[in-house]
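Hello,

Here is the structure I said I would pass on. My notes on it follow below; please read them with the structure open.

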Amino acid sequence: MDIFLQQIINGLVLGSIYALVALGYTMVYGILGLINFAHGEVVMVGALVAYSIMTALLPTGMPPVLLALLALLVAAPVCMGLAWAIERYAYRPLRHAPKLAPLISAIGVSILLQNLAMMIWGRSYHSFPDILPAITYDINGAHISLLQVVTIALAALTMAVLAWLIQRTSLGQAMRATAENPAIAELMGIPVNRIITLTFIIGAALAALAGLMVGANYSVAHYYMGFMLGLKAFTAAVLGGIGNITGAMLGGLLLGLIESLGAGYIADLTGGFLGSHYQDIFAFLVLIGVLVFRPGGLMGERVSERA
Amino acid sequence: MTTQPLLLVSHVCKAFGGVQALKDVSITLKRGEIYGLIGPNGAGKTTLFNCLTGLYVPDSGQFVFDDKPLVCNAPDKTVRQGIARTFQNIRLFANMTALENVMVGRHARLRSNVLSDILRTPFNRREEQATKDQALQLMRYVGIAHRAHDLAKHLSYGDQRRLEVARALATHPKLLCLDEPAAGMNANETAGLRQLIETIRADGISVLLIEHDVQLVMGLCDRVAVLDYGELICEDIPAVVQQHPRVIEAYLGSGAHA
């Protein structure tokens with residue numbers, strides 16, 4: 001089996017998910033200059049809601065694909081509502097407060113959501129039912145499952161739709177204008193508060209999809225999963241240049257590949273001293289590296305303009 | 001031309017800490033008028049603009065525009081009521097194209113919503129095409145159509161000023177407020193600007209103009225108000241204003257008219 005190719009495939013799956021979550025961070029940062037640290041928890045809620053819907057409907061004997069679709073149709077609105085509430089009650093009152101205040105509020109919301117989730121779903125790991133039949137394709141000795149193909153394709157499609165929404169529609173135009181200068185956008189008649197709310201809601205919809213994908217691909221969901229996932233996606237957003245939409249997509253994919261390849265080769269590199277369960281260190285090495293050497297990220301020219 | 005007032009500013013006060021930026025200012029702007037607002041630096045001209053366009057909340061006093069009171073502190077509503085403005089220091093969306101900047105200005109008049117945006121209803125498509133056409137037309141109107149697809153930050157200074165005017169016009173205003181539009185322009189550009197302002201008025205839009213270029217103001221405006229230290233010292237036609245002792249004093253110092 002070709003390890004390199006295999007890790008590229010795994011990296012693309014992981015990277016697609018990071019990218020979807022990173023978009024949520026980056027869109028909010030682009031408009032508010034705020035790191036929404038509760039975003040990882042929104043993904044977690046999405047995954048757990050999807051899990052509950054699927055296990056509840058499993059006995060009906062519905063085809064699993066339909067189950068997943070229904071799960072998404074419930075999880076997405078739940079996450080969107082949650083994001084709306086977070087913005088409205090945890091961030092908006094602090095819009096004009098010093099930068100540190102909303103950040104602390106974000107961490108508070110994050111802890112609150114984790115604990116609420118623990119009360120609702122318990123402390124145990126929940127395993128996701130299989131959504132797609134276990135078909136695997138062979139490419140030059142590497143395996144790619146149907147689920148992985150669908151994950152990558154769906155993430156790519158979603159991101160293409162988002163890019164189109166932002167670049168081509170009047171809503172996207174309003175979002176970009178608001179990101180560049182909220183005060184002037186408002187003077188042009190753009191309802192800035194509504195645009196901010198919408199940005200949170202769109203990010204949450206992506207988060208719900210990402211949550212379902214995590215559950216399906218790694219077949220676990222639990223109340224604490226959002227923390228690490230959120231940090232990784234945040235790293236991806238910083239890597240791409242926070243506030244930059246294309247950067248988040250690129251940073252997500254890149255981080256997934258780095259982590260995956262790192263995990264595949266770390267044992268060889270350290271002579272067996274560190275195993276693949278150390279894969280998390282790569283994300284944070286990347287984060288430190290970017291912050292030290294290129295704080296603006298790969299595509300982030302805007303950081304200097306903002307200052 | 002009717003003489004019914006378009007904008008009534010009555011007894012507006014605004015203080016920043018101990019500084020009284022506007023003291024009981026009342027002015028009246030008639031429909032179809034080009035109205036100049038002048039005064040030395042720090043006289044309160046821009047503060048009045050900011051109160052009028054909803055950026056600041058005045059401490060007291062009120063604005064009546066087109067027979068309706070203006071809602072304070074809601075710039076997007078002010079735009080919808082028909083007041084648009086440009087800025088002393090240009091504030092475009094630098095990383096969007098010139099055309100997009102103007103299209104954003106149309107936002108106040110759009111009827112599409114998010115749902116129709118996503119679903120691409122025929123109505124939405126038509127509206128978007130119309131928005132684009134109108135934006136292009138406005139860019140021709142101010143004379144920068146050839147730069148439509150360049151990023152705003154790549155336009156020359158004079159063109160950026162014109163783009164700001166086009167963006168403001170896109171909101172379909174009854175009153176256009178220009179904050180020092182000729183600042184930093186050469187004589188040629190200023191002449192072009194003057195022509196543009198006259199065309200805009202001829203097309204039925206009233207203009208409120210803050211300007212330091214006294215020649216431009218006196219030559220262009222129907223009436224002029226002079227602010228000094230937040231107080232209105234005079235409001236009349238240019239010929240009268242130029243002779244007013246307090247105006248001469250404010251501009252040249254108290255010894256000048258002795």
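**The sheet in chain B**

In chain B, β6(B) and strand β7 (residues 175-179) run parallel and are joined by three bridges. Within this pairing, B:Ile83 stands opposite B:Leu175 of β7(B). Please keep in mind that this is a predicted model.

The two strands belong to an open sheet of six strands in chain B, with the order β6-β7-β8-β3-β9-β10 and mixed pairing. Its edges are β6 (83-85) and β10 (231-236) of chain B, each of which pairs on one side only. From one strand to the next, the twist averages 20 degrees. Helix α7 of chain B, residues 187-202, packs on this sheet and touches β3 (34-38), β7 and β8 (206-210) of chain B. The direction of α7(B) makes about 150 degrees with that of β8(B).

Strands β1 (residues 5-16) and β2 (residues 19-30) of chain B are paired in the antiparallel sense over eight bridges. B:Pro5 stands opposite B:Lys30 in β2(B). The two strands form a hairpin with two residues between them. In the turn, B:Gly17 has a positive phi of about 60 degrees.

β1(B) also pairs with strand β4 of chain B (residues 60-65), in this case through five bridges and again antiparallel. Here B:Leu7 has B:Phe65 of β4(B) as its bridge partner.

**Domains of chain B**

The domain assignment divides chain B into domain 1 (1-82 + 173-258) and domain 2 (95-171). The C-alpha centres of domain 1 and domain 2 of chain B are 27 Å apart. The contact takes nine residues from domain 1 of chain B and nine residues from domain 2 of chain B. On the side of domain 1 of chain B that touches domain 2, α2 (75-81) and α7 of chain B each supply at least two residues. The residues on that side of domain 1 of chain B are six nonpolar, one polar and two charged.

**Chain A**

Chain A has 12 helices and two strands. Along the sequence they follow the pattern α-α-α-α-β-β-α-α-α-α-α-α-α-α. The radius of gyration of chain A is 19 Å, close to the 19 Å that the globule rule gives for 307 residues, so chain A is as compact as a globular protein of that length. Its C-alpha trace spans about 60 × 50 × 35 Å along the principal axes. Of the 307 residues in chain A, 50% are buried. Among contacts in chain A between residues at least 6 apart in sequence, 76% join residues at least 24 apart.

**Where the chains meet**

In the contact between the chains, 17 residues of chain A meet 25 residues of chain B. On the side of chain A that touches chain B, α6 (170-180) and α7 (182-187) of chain A each supply at least two residues. The largest share of that side, seven residues, comes from α6(A). By class, the side of chain A that touches chain B has nine nonpolar, five polar and three charged residues.

Regards

Conventions:
Residues numbered from 1 in each chain as written. Chains lettered and ligands numbered in written order. Predicted model: local features only at pLDDT ≥ 70, side-chain atom pairs only at ≥ 80, totals over all residues. Contact = placed C-beta atoms within 7 Å. Helix = DSSP H or I, 4+ residues; strand = E, 2+ residues; numbered from the N terminus. Nonpolar A, V, L, I, M, F, W, Y, C, P; charged D, E, K, R; others polar. Pairing = 2+ DSSP bridges. Axes fitted to C-alpha atoms, helices over the stretch in contact; angles between N-to-C directions. Domains from an automatic or database assignment. Rg over C-alpha atoms; globule rule 2.2 N^0.38 Å. Buried ≥ 20, exposed ≤ 12 C-beta atoms within 10 Å, placed from the backbone.
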